[in-house]
Amino acid sequence: MLVISEKEIQQSYGMKDAIADLKAVLRAHGAQQIDNPHRTVLAFPQHEASALYMPSADLSEEVSAIKVVTIFPKNPSRGMATTQGVILLSDAENGEHLALLNASYLTRLRTGALSGIATDFLARKDARVLTIIGTGAMGFEQAIGVLAVRDIERILLVNRTPEKAQKFGEKLRAFGVTVPFEVCEDVSAAVRQADIICCATRSNEPVFNGLDLKPGTHINGVGSYLPYMKEVDNTTVSRAAKIIVDDLAGVKDEAGELISAANQGNWSFNDIHGELYELVMRTKTGRENEEEITFFKSVGAAYFDLAVAKGVYRQSKERNIGMEIEV
C-alpha cells in the first residue's frame with residue numbers, strides 16, 4: 001500500500017488538477033457510473049464536533065474509496081487541526097488496497113474546486129470583487145478555486161476575529177496571490193460590494209443579510225453541512241434565480257439553509273435549478289443574464305473525494321511519490 005502525506009500531496013497536486021478530475025467524475029456521475037451511498041455522520045455535541053464516514057466507487061474505472069474525516073472546532077485551542085481525515089483507495093476489481101492518503105488538504109481542495117466549477121458557470125464573466133466570509137482553513141481553497149476561474153481584482157475578508165482575517169490575507173500573499181485584500185469588519189458593506197461571495201463557516205445563524213446582495217451576485221455556501229447549520233438566510237434563497245447543488249440527496253438531508261426555507265413553505269426543493277454535474281454536462285443552463293442572483297450549495301459527497309484521491313494516486317505512481325508499506 002502506498003501512504004501519501006499531506007505535504008507530498010500539496011507539493012504535487014493543486015487546484016487545476018482537482019478541477020479537471022472533479023469535472024471528469026461529475027460526468028461519470030451523470031453517466032450513472034458512480035456508486036455513492038449516503039454518508040454516515042456521528043455527532044459529538046459535547047465537543048460541537050462530528051465524524052463523517054463516506055464510501056464511494058467509480059464503476060467505470062473499478063476503483064473505490066472511503067474517507068473518514070473528523071471535525072473538532074475546539075482543536076485549535078489544543079494546538080490541533082480542526083479537520084483531520086484519511087482516504088483509503090481500493091481496487092474494485094481485485095480488492096487490493098492501493099493507497100492511504102491524508103484527506104485534510106484534499107477535502108479543502110475538492111471543496112474549493114467544486115466552488116470554482118460552480119463559479120465558472122454561474123458568476124458573471126466580469127466579476128471582480130470576491131468576499132470571503134469565514135477565514136478558517138476551508139476558506140483558503142475557496143479563494144483559490146474562485147481565482148482559478150475569474151480575474152478577481154479585490155478580495156474582502158470577513159471574520160469574527162479580524163486578526164484571523166489578516167493572517168488569512170497574508171497566507172494568500174505567501175501562496176503567491178497578488179490580488180489586494182482588505183479586512184472588513186462590516187459584513188453588510190463587504191456583501192454589498194461583492195460580485196462573488198464564499199461562505200465557509202460552521203454558523204448556525206445566517207452570516208449576512210440577503211437584502212444586501214446586489215443583482216448579479218453569485219454565492220458559494222460550503223461551510224454548513226448539518227440540518228441545524230445555516231450560513232445564508234431565507235431571503236437569499238428566495239432571491240436566488242438559480243440554486244445549484246453539489247449532491248441533491250445530500251442537501252435534502254443536510255443543507256440547513258434549504259431545509260429551513262422549505263419548512264417556511266415559500267420555497268421547495270423542487271425549485272432547485274439542478275445539480276453541478278448537469279452544468280458540466282450542459283444539460284442545465286448556467287447564468288443567463290447579468291441580473292441573476294445565483295447560489296451554489298455544497299454539502300460534499302464521497303465521490304468527490306474519490307476523484308481527487310484517484311488523481312493524487314495516479315500522479316504519485318508516475319512521479320514516485322509516497323511510501324510503500326506492508327499492512
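This is a predicted model: local features need pLDDT of at least 70, side-chain atom pairs count only at pLDDT 80 or more; totals for chains, interfaces and linings use all residues.
Residues are numbered from 1 along each chain as its sequence is written, and side-chain values use heavy atoms, leaving out hydrogens and water.

Now look at helix α2 (residues 15–30) and helix α3 (residues 104–122), which pack at about 70° with axes 9 Å apart. That's why α2 and α3 are roughly perpendicular to each other. Helices here are DSSP runs (H or I, at least four residues), and strands are E runs of at least two, numbered from the N terminus. Axes are lines fitted to C-alpha atoms, for helices over the stretch in contact, with angles from 0 to 180 degrees between N-to-C directions.

Who touches whom? On the α2 side there are M15, A18, I19, L22, K23 and L26, meeting L109, R110, G112, A113, L114 and I117 of α3 (contact means heavy atoms within 4.5 Å). Sorted by class, this contact has nine nonpolar, one polar and two charged residues. Ala, Val, Leu, Ile, Met, Phe, Trp, Tyr, Cys and Pro count as nonpolar, Asp, Glu, Lys and Arg as charged, and the others, Gly among them, as polar.

## Aromatic pairs

The structure has five aromatic pairs, meaning Phe, Tyr or Trp rings (six-membered ring for Trp) with centres within 6.5 Å; planes under 30 degrees apart are stacked, over 60 edge-to-face and the rest tilted. One of them, F140 with F175, is edge-to-face, at 5.4 Å centre to centre and 90° between the planes. This pair links distant parts of the chain, 35 residues apart: F140 sits in helix α4 (residues 137–147) and F175 in helix α5 (residues 162–175).

How values were computed: Angles under 35 degrees count as roughly parallel, over 145 as roughly antiparallel, 65 to 115 as roughly perpendicular and the rest as oblique.
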